[in-house]
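Reader: I have just opened this structure and would like to learn how to read it. Could you take me through some features, one at a time?

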Amino acid sequence: MRRLLLVIAAASLAAIGVASSQDATMSFFVTSVGSGKGADLGGLAGADAHCASLAEAAGVTGKTWHAYLSTSDTDARDRIGTGPWFNAKGVKIADDVASLHSDANAITKQTALNEKGEVVNGRGDKPNRHDVLTGSKPDGTKIADQTCGDWTLSGAEGAAMTGHHDRTGLDDSAAAKSWNSSHASRGGCSQEALRSTGGDGLFYCFAVN
């Protein structure tokens with residue numbers, strides 16, 4: 001009987017361990033690198049493929065990844081599934097789309113990790129990389145004229161709305177602290193233009209399943 005109880009206990013612990021591991025599998029990250037071509041990500045398809053490639057290189061397979069990006073006819077909030085989402089360390093970012101776009105989300109510099117589980121440089125670091133491409137309003141809907149030609153431009157034309165993954169800006173305004181809608185890029189959509197305001201062409205990736 002004692003042996004049977006030990007076997008049952010061990011099996012229960014193993015099951016709990018598997019469940020915990022599954023629950024906390026990475027389903028959200030900030031890209032460690034962008035396309036290298038500024039805001040030209042190859043459109044949404046190219047951005048999604050970039051998310052998938054980075055996740056698979058980090059050892060996370062079997063998931064469908066979408067970039068958190070709006071376009072002239074698409075809202076970012078409608079692209080990312082229903083949640084919940086966890087970072088590479090198993091920390092829950094948000095339960096669902098509504099909480100993600102409210103004060104209930106857990107996005108901070110310490111939790112908005114890249115796919116390798118690393119902290120992404122923010123304000124005060126060199127180089128600052130806290131401007132994350134979104135093309136979105138605070139509620140996750142599109143700003144049609146701030147998507148760098150629906151993520152196909154890399155020159156002096158266009159602009160992209162960005163958010164601050166570290167929730168820090170020049171002041172204490174809501175925009176400065178917004179993870180998804182802080183300010184537009186200045187000087188176009190090139191890599192240089194994005195870097196000039198504290199970015200590097202990075203964006204958010206969410207697993208939709």
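Predicted model: local features only at pLDDT ≥ 70, side-chain atom pairs only at ≥ 80, totals over all residues.

Reader: Where is Gln146, and which residues is Gln146 in contact with, leaving aside neighbours within four places in sequence?

Author: Helices (H or I, at least four residues) and strands (E, at least two) are DSSP runs, numbered from the N terminus. Gln146 sits in the loop between strand S5 (131–133) and helix H4 (148–151). A contact means heavy atoms within 4.5 Å. Once neighbours within four places in sequence are left aside, Gln146 touches Gly135, Trp151, Ala159, Ala160, Met161 and Ala184.

Reader: How many helices and strands are there in the chain?

Author: The chain has 5 helices and 8 strands. Along the sequence they follow the pattern α-β-α-β-β-β-α-β-α-β-β-α-β. Of the 209 residues in the chain, 49% are buried.

Reader: Which residues have the most contacts inside the largest nonpolar core?

Author: A nonpolar core is a set of buried Ala, Val, Leu, Ile, Met, Phe, Trp, Tyr and Cys residues joined through side-chain atoms within 4.5 Å. The largest one here has 41 residues, and Trp65, Leu69, Leu100, Leu133, Trp151 and Phe203 have the most contacts inside it. Among the elements giving two or more residues to this core are helix H2 (43–57), strand S2 (65–67), H4 and S8. Take Trp65 as a case: leaving aside neighbours within four places in sequence, the contacts of Trp65 include Phe28, Asp48, Cys51 and Phe206. Trp151 is found in helix H4 and is buried, at 0% relative accessibility. The phi of Trp151 is near 65°, a positive value in a residue other than glycine.

Reader: How many aromatic pairs does the structure hold?

Author: Rings of Phe, Tyr and Trp (its six-membered ring) pair if their centres lie within 6.5 Å; planes under 30 degrees apart count as stacked, over 60 as edge-to-face and the rest as tilted. There are 8 such pairs in the structure. One of them is stacked: Phe28 and Tyr204, at 6.0 Å centre to centre with 25° between the planes. This pair links distant parts of the chain, with Phe28 in strand S1 (residues 28–30) and Tyr204 in strand S8 (residues 199–207), 176 residues apart. Phe28 is buried at 0% relative accessibility, and Tyr204 is buried with a relative accessible area of 0%. Trp85 and Phe206 form an edge-to-face pair, at 5.3 Å centre to centre and 85° between the planes. Here Trp85 belongs to strand S3 (residues 85–86) and Phe206 to strand S8, 121 residues apart. Phe28, Tyr68, Trp85, Trp179, Tyr204 and Phe206 form one aromatic cluster.

Reader: And how many salt bridges does a search of the whole structure find?

Author: Side chains of opposite charge can pair when their charged atoms come close. A salt bridge is a side-chain nitrogen of Lys or Arg within 4 Å of a carboxyl oxygen of Asp or Glu. The search finds 6 salt bridges. In one of them, the side chains of Asp48 and Arg79 meet at 2.7 Å, N to O. Asp48 lies in helix H2 and Arg79 in the loop between S2 and S3, 31 residues apart, and both are buried. Asp75 forms another with Lys142, the closest N and O atoms being 3.2 Å apart. Arg129, Arg195 and Asp200 are linked in a salt-bridge network.

Reader: Last one: which residues does a cis peptide bond with omega of about -5° join?

Author: That bond joins Lys126 and Pro127, and Pro127 is in the loop between H3 and S5. The peptide bond from Gly83 to Pro84 is also cis, with omega near 0°.

How values were computed:
Residues numbered from 1 in each chain as written. Heavy atoms only, no water. Buried < 20%, exposed > 50% of the residue type's maximum accessible area, 1.4 Å probe, protein only.
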